[in-house]
Amino acid sequence: MAVKIDTVVDLYVPSKIQRSLLLLFSLAWMADAAGVMMMTFTLGGISAEWHLSTLQSSTIASLTFVGMLLGAIGAGFILDLVGRKFAMNLFLAFTILFTFIDGFSPSPFFFGIFRFLSGIGYGGLMPSVNAYLSESTAIKIRGRYLVLLESSWAVGSILIGLYAVTSGSGWRSVYYSILVASLIFIPFLRIKESPRYVFLKRGKKGLEELLGIHLKEEIETIEKSVVPVKALLGKRYFKSTLLVWSSWFVISFIYYGLFTWLPKIFSTTGIAQINALWFTFFIFLAQLPGYLSAAYFIEKIGRKPSLIIFFAGTAISSLIFSSVTNTYTFIIAGLVTSFFCMGVWGLIYAYTPELFPTSFRGSANGSAGMMARIAGIIAPYFVAAFFGTNVLHALIWFSILAFLMAILAAFLGKETKLENIE
């Protein structure tokens with residue numbers, strides 16, 4: 001009797017290796033997060049040095065996401081055509097190299113160009129790592145591992161935030177600090193290809209060579225898709241695609257709209273600039289428990305109910321955040337919004353690869369990332385448009401979008417807990 005490739009992974013990929021992959025990929029995810037979120041803590045200094053207007057600052061922030069959009073699109077094709085390992089190493093190189101070079105930028109023009117190129121790395125690395133880990137972990141721990149992977153985003157954000165507010169050495173040194181991440185290149189180059197990808201491309205013989213064993217079991221054939229986009233929009237996967245694309249767009253729109261401008265949002269309420277940076281850092285801290293709670297609930301109550309709860313929590317907390325006036329309640333509302341927002345991020349990163357088969361999982365992850373990057377491009381301009389009136393009104397729109405997504409998840413979501421993925 002033939003077994004699924006999931007069963008082979010469960011039996012023959014040692015848990016020690018799975019834990020090592022989680023640790024390694026989490027370090028890469030931290031580097032990615034640090035690179036992206038540097039803008040939150042440096043945009044004020046960059047704008048001051050080059051005397052940039054709000055529109056110019058928004059454009060520089062959006063260039064990151066233009067690059068991430070291209071990276072996400074490219075990742076989908078590279079992951080499925082060339083392989084998971086090649087894609088991860090390529091995008092990691094872009095992430096580290098161009099983030100570091102950005103610190104040497106002599107003008108806003110060159111800063112924007114290098115920021116765009118580093119964005120290609122950020123946007124491509126995440127779906128690449130996500131696809132690899134989802135294909136190399138056992139069913140019973142897959143959801144938790146993927147949320148824990150995403151939770152390392154909070155760690156990277158917190159570390160770069162702490163460095164930015166305490167170093168006192170200017171915005172350029174924040175970009176130089178990415179060079180520390182080059183240490184993970186050696187283990188990245190040494191890892192093998194994903195078991196599922198090898199089986200898809202080279203069959204049972206290739207899988208035996210990868211694992212270094214002889215497999216007595218026959219393995220069910222993995223569904224192949226010649227045109228991934230057609231498959232994503234086909235009848236079988238359309239509801240899942242609609243839910244995934246909408247979820248990624250909305251949560252990215254809320255997250256980057258809020259966190260790109262968070263220090264300035266604090267400043268508009270009368271908080272001093274240095275205090276605004278510290279308050280932003282504290283709100284970043286709330287991301288970690290948001291991720292960890294999602295990691296618990298995703299296995300405890302399932303993917304679908306967790307996603308509904310965390311989207312609803314984001315909607316309610318954003319609405320409260322938009323209406324409070326006292327400084328302390330304002331910060332508390334920000335902490336709660338950050339908590340639920342990052343819980344959603346962790347959930348959709350784990351949920352997405354489980355909804356699609358190996359043959360176009362890379363394209364599914366890449367297209368989902370593409371929707372997030374489109375939202376990231378728009379979000380800084382959207383929030384900036386409210387600075388002339390009341391920037392907190394933007395949070396009301398965030399609340400509405402999150403509430404609509406909770407409803408959409410209830411109607412379109414399906415439970416994938418403990419399911420084999422094809």
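The chain contains 18 helices and zero strands, where helices (H or I, at least four residues) and strands (E, at least two) are DSSP runs numbered from the N terminus. The model is a predicted one, in which local features need pLDDT of at least 70 and side-chain atom pairs count only at pLDDT 80 or more, while totals for chains, interfaces and linings use all residues. Residues are numbered from 1 along each chain as its sequence is written, and side-chain values use heavy atoms, with hydrogens and water left out.

The C-alpha trace of the chain spans about 70 × 45 × 35 Å along its principal axes. Of the 422 residues, 59% are buried. Here buried means under 20% relative accessible area, exposed over 50%, and partly exposed in between (1.4 Å probe, protein chains only). Among contacts (heavy atoms within 4.5 Å) between residues at least 6 apart in sequence, 83% join residues at least 24 apart.

The largest nonpolar core holds 123 residues, and F25, W153, Y256 and W345 touch the most other members. A nonpolar core is a set of buried Ala, Val, Leu, Ile, Met, Phe, Trp, Tyr and Cys residues joined through side-chain atoms within 4.5 Å. Helix α2 (residues 15-50) gives the most to this core, with 17 residues. Apart from this core lies another, of eight residues, among them V8, F199, L210 and I219. With residues up to four places away in sequence not counted, W153 touches W29, D32, A33, V36, M37, M126, Y255, Y256, Q287, Y291 and M342.

Helix α2 also contains T40, which counts as buried at 6% relative accessibility. Leaving aside neighbours within four places in sequence, T40 is in contact with F259, T260, P263, T280 and F284. H51 is located in the loop between α2 and α3 (54-81). Phi of H51 is near 55°, a positive value in a residue other than glycine, and H51 counts as exposed at 69% relative accessibility.

Helix α11 (residues 238-260) packs against helix α15 (residues 303-323) at an angle of about 30°, with the axes 13 Å apart. Axes are lines fitted to C-alpha atoms, for helices over the stretch in contact, and angles run from 0 to 180 degrees between N-to-C directions. The crossing of α11 and α15 is left-handed, that is, the near helix is turned anticlockwise from the far one by less than a right angle. The residues that meet are S247, V250, I251, I254 and L258 in α11 and L307, F311, T314 and F321 in α15. By class, the contact of α11 with α15 has seven nonpolar, two polar and no charged residues; Ala, Val, Leu, Ile, Met, Phe, Trp, Tyr, Cys and Pro count as nonpolar, Asp, Glu, Lys and Arg as charged, and the others, Gly among them, as polar.

Y237 lies in the loop between α10 (228-232) and α11 and is buried, with a relative accessible area of 7%. The C-alpha atoms of Y237 and L355, 118 residues apart along the chain, are separated by 8.2 Å. L392, in the loop between α17 (358-384) and α18 (393-412), counts as buried at 10% relative accessibility. Neighbours within four places in sequence aside, L392 is in contact with I265, F321, S322, V324 and F330. Between the C-alpha atoms of L392 and P289, 103 residues apart along the chain, the separation is 25 Å. P106 is placed in the loop between α4 (84-102) and α5 (108-134) and is exposed, with a relative accessible area of 57%. The C-alpha atoms of P106 and T352, 246 residues apart along the chain, are separated by 40 Å.
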